[in-house]
Amino acid sequence: LPLPAKPRFTEAEFLLPDDPSELTSAQLGQWMLRLASLRAYAVRLLGVAESELVLVEQEYRLRVNHAGLKIREELPGRPAADVVESAVLAQDGDMGPLYKRRLELIAVKAQLEPRVKIFEIAWMALSREQARRELEVRLT
């Protein structure tokens, strides 16, 4: 399947019109296409981040669980999973880059999910305006 290309928009932020009824039909359509394009690209980036996160998370968990076996034997009682994980990270210097990449991907995912929703909500608001206009034309 083809992937959506990066939109050509260079603005870091956008401001939706306060009153979409003031937009011309062409402007309304342009806004809707822009939001759909931004949403499609954000979903693409989210998919890339999530797929890499799955792999990184699995490797991270496997390494923590493997190294955690020895640590559990050394610690008294039944240590909590967070304690074991912290001890593994403290003792295994090779885990640092993997842990950092995992956190980066979690942060990217946390940023992209709300953006997808923002684009969807804005598009739906403009779509309601478009539907209102169509209904108004039919009634006249």
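A residue counts as buried under 20% relative accessible area, as exposed over 50% and as partly exposed in between, with a 1.4 Å probe and protein chains only. At 16% relative accessibility, Trp31 is therefore buried. The model is predicted, so local features need pLDDT of at least 70 and side-chain atom pairs count only at pLDDT 80 or more, while totals for chains, interfaces and linings use all residues. Residues are numbered from 1 along each chain as its sequence is written, and side-chain values use heavy atoms, with hydrogens and water left out.

Rings of Phe, Tyr and Trp (its six-membered ring) pair if their centres lie within 6.5 Å; planes under 30 degrees apart count as stacked, over 60 as edge-to-face and the rest as tilted. The two partners are 17 residues apart, and the pair links distant parts of the chain: Phe14 lies in the segment before H1, Trp31 in helix H1. Helices here are DSSP runs (H or I, at least four residues), numbered from the N terminus. Phe14 is partly exposed, at a relative accessible area of 30%. Ring pairs join Phe14, Trp31 and Phe119 in a cluster.

Next comes the helix packing. H1 (residues 25–74) packs against H3 (residues 95–139) at an angle of about 155°, and the axes are 7 Å apart. That makes H1 roughly antiparallel to H3, a label for angles over 145 degrees. Axes are lines fitted to C-alpha atoms over the stretch in contact, and angles run from 0 to 180 degrees between N-to-C directions. By class, the contact has 27 nonpolar, three polar and 14 charged residues.

Two further residues mark out H1. Leu46 is found in this helix and is buried, with a relative accessible area of 12%. Gly68 is also placed in H1 and counts as buried at 0% relative accessibility. Leu46 and Gly68, 22 residues apart in sequence, are 31 Å apart from C-alpha to C-alpha.

Notes:
Helix = DSSP H or I, 4+ residues; strand = E, 2+ residues; numbered from the N terminus. Parallel < 35°, antiparallel > 145°, perpendicular 65-115°, else oblique. Nonpolar A, V, L, I, M, F, W, Y, C, P; charged D, E, K, R; others polar.
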